[in-house]
Amino acid sequence: MYGNQLRAEFENRTAATWPLNVGQVYTTLERLIRDGLVVTAGADADGHDLYQLTDAGQQALTRWWDTPLTRESRPRDELTIKLALAVTVPGVDVRAVVQTQRTDTMRALQDYTRLKIAADERIPPDLAWVLVLESMIFQAESEIRWLDHCESRLVHQAKKTRSPSANNEPAKRGRR
Amino acid sequence: MTGQRGSDGASALVLEMIDVSRTHGAGATAVHALRGIDLQVRAGELVAVMGPSGSGKSTLLHLAGGLDSPTDGTVLVEARDLAALSARERARLRRRSVGYVFQELNLIPALTAAENVALPLELDGIHAKAARDVALRALDDVTLADIADRYPDDLSGGQQQRVAIARALVGERRLLLADEPTGALDSETGESVLALIRTRCDRGAAGMLVTHEARHAAWADRVVFLRDGAIVDESTPSGGAESLLGLHG
């Protein structure tokens with residue numbers, strides 16, 4: 001793919017929610033080349049430079065799919081981007097991506113809850129700290145609810161995709 | 001504090017499920033509600049079970065409490081194999097060792113709070129006076145001593161749920177099974193119910209909490225995820241929460 005194509009693909013797959021400018025795409029490509037994750041691969045008929053992943057780049061990508069995102073810093077809602085891409089890239093086990101993330105977010109939620117219980121028990125309670133923690137708790141909870149929702153939607157979708165062929169037979173012995 | 005310690009220093013196993021399966025029906029129409037579940041809950045530990053509807057959460061709880069029997073595998077409560085007990089022994093174990101808290105509170109409207117809590121003890125042959133004393137202590141534990149003689153209809157939802165928890169853990173029962181115990185309660189009252197379950201576990205009970213709310217499951221020491229009747233993952237706190245917040249240092 002060439003740079004502008006990459007930009008278009010990203011925007012297509014994420015419903016243009018996080019628009020990119022092509023300059024960003026090229027700076028990122030340069031960084032990836034510098035780090036040995038991408039190489040240039042000639043040019044197409046129109047003279048566009050083409051790029052492809054190296055083995056190391058492929059490994060880095062696999063690692064990204066397999067690893068839950070930490071809660072410290074998530075530029076541009078990386079989790080949403082990650083799932084939007086996961087459903088469009090062949091060979092990615094989306095339910096596994098969802099579950100890995102859910103377990104990790106649940107762990108954070110357990111940690112926040114422990115801190116909150118401790119802060120609540122302090123005399124006098126540390127109210128400001130409790131409120132900050134509760135904000136984290138509700139954010140993590142909402143992320144888990146969203147992940148649950150994604151999963152049930154995936155299951156629903158999988159059933160729908162399976163049903164056209166399966167539908168033909170049961171229909172006959174169906175109602176009426 | 002009262003957590004039983006085994007000789008190896010670890011807390012005693014209160015609930016142990018070994019390769020437990022539950023199938024409804026047979027052949028092509030068989031429904032596998034649970035498949036090959038291995039799960040242990042120790043004294044002092046609270047385990048939450050999460051999963052989409054139909055994943056087998058409630059079935060798991062029913063098997064743990066002897067309200068249903070597995071098709072395969074073994075369920076041990078305080079080291080006793082439920083399948084090896086007679087129906088009578090099993091009923092006795094359910095009364096004496098296991099406490100249930102359900103979304104529907106199942107308090108008896110014609111009995112006062114204290115009478116509701118005392119009921120399982122009286123059924124077990126303890127004299128009314130002694131049972132009432134124990135019940136009052138149990139209500140005091142959940143800070144409800146002052147409403148002991150009120151009827152369920154005169155109590156708020158949160159108070160009713162606390163009465164149900166007092167009843168679930170009255171006497172020597174060490175296994176607390178809760179199915180969506182915060183169901184109809186508002187967020188803060190729901191939280192106080194969880195705090196209570198947490199406290200009972202910290203004091204030595206073993207707890208299993210089925211919930212679809214992550215915020216409630218987070219009170220547990222372990223969260224088990226069920227999907228299609230099997231455990232797919234498990235999370236425990238990392239203990240490094242401060243670093244997550246980026247606020248320390």
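**View 1. The interface of chain B and chain A.** In this predicted model, chain B and chain A bury about 2400 Å² between them, and 62% of that area lies on carbon and sulfur atoms. The contact draws on 31 residues from chain B and on 27 residues from chain A.

**View 2. Salt bridges and polar contacts between chain B and chain A.** Four salt bridges are counted between chain B and chain A, and one salt bridge joins Glu141(A) to Arg215(B), with the closest N and O atoms 3.0 Å apart. Nine residue pairs, both members at pLDDT 80 or more, are found in polar contact across the interface of chain B and chain A.

**View 3. The side of chain B that touches chain A.** The elements of chain B that give two or more residues to this side are α6 (187–202), α7 (214–217), β9 (222–227), β10 (230–235) and α8 (241–245), and α8(B) gives the most, with five residues. By residue class, the side of chain B that touches chain A divides into 14 nonpolar, six polar and eleven charged residues.

View 4. Four strands of chain B, with antiparallel pairing, form an open sheet in the order β2-β1-β4-β5, whose edge strands, β2 (31–42) and β5 (80–81) of chain B, each pair on one side only. Strand β1 (residues 13–24) of chain B and β2(B) run antiparallel and are joined by eight bridges; Leu15(B) stands opposite Val41(B) in β2(B). Helix α1 (residues 57–64) of chain B lies across β1, β2 and β4 (72–77) of chain B, and runs at about 125° to β1(B).

How values were computed
Residues are numbered from 1 along each chain as its sequence is written. Chains are lettered from A and ligands numbered from 1 in the order in which they are written. This is a predicted model: local features need pLDDT of at least 70, side-chain atom pairs count only at pLDDT 80 or more; totals for chains, interfaces and linings use all residues. Side-chain values use heavy atoms; hydrogens and water are left out. Contact means heavy atoms within 4.5 Å. Buried area is the accessible area (1.4 Å probe) that two parts lose on being put together, summed over both. A salt bridge is a side-chain nitrogen of Lys or Arg within 4 Å of a carboxyl oxygen of Asp or Glu. A polar contact is a pair of N or O atoms within 3.5 Å; within protein, one must be able to donate a hydrogen and the other to accept it, and residues adjacent in sequence count only if both atoms are side-chain atoms. Ala, Val, Leu, Ile, Met, Phe, Trp, Tyr, Cys and Pro count as nonpolar, Asp, Glu, Lys and Arg as charged, and the others, Gly among them, as polar. Two strands pair if DSSP finds at least two bridges between them. Axes are lines fitted to C-alpha atoms, for helices over the stretch in contact, and angles run from 0 to 180 degrees between N-to-C directions.
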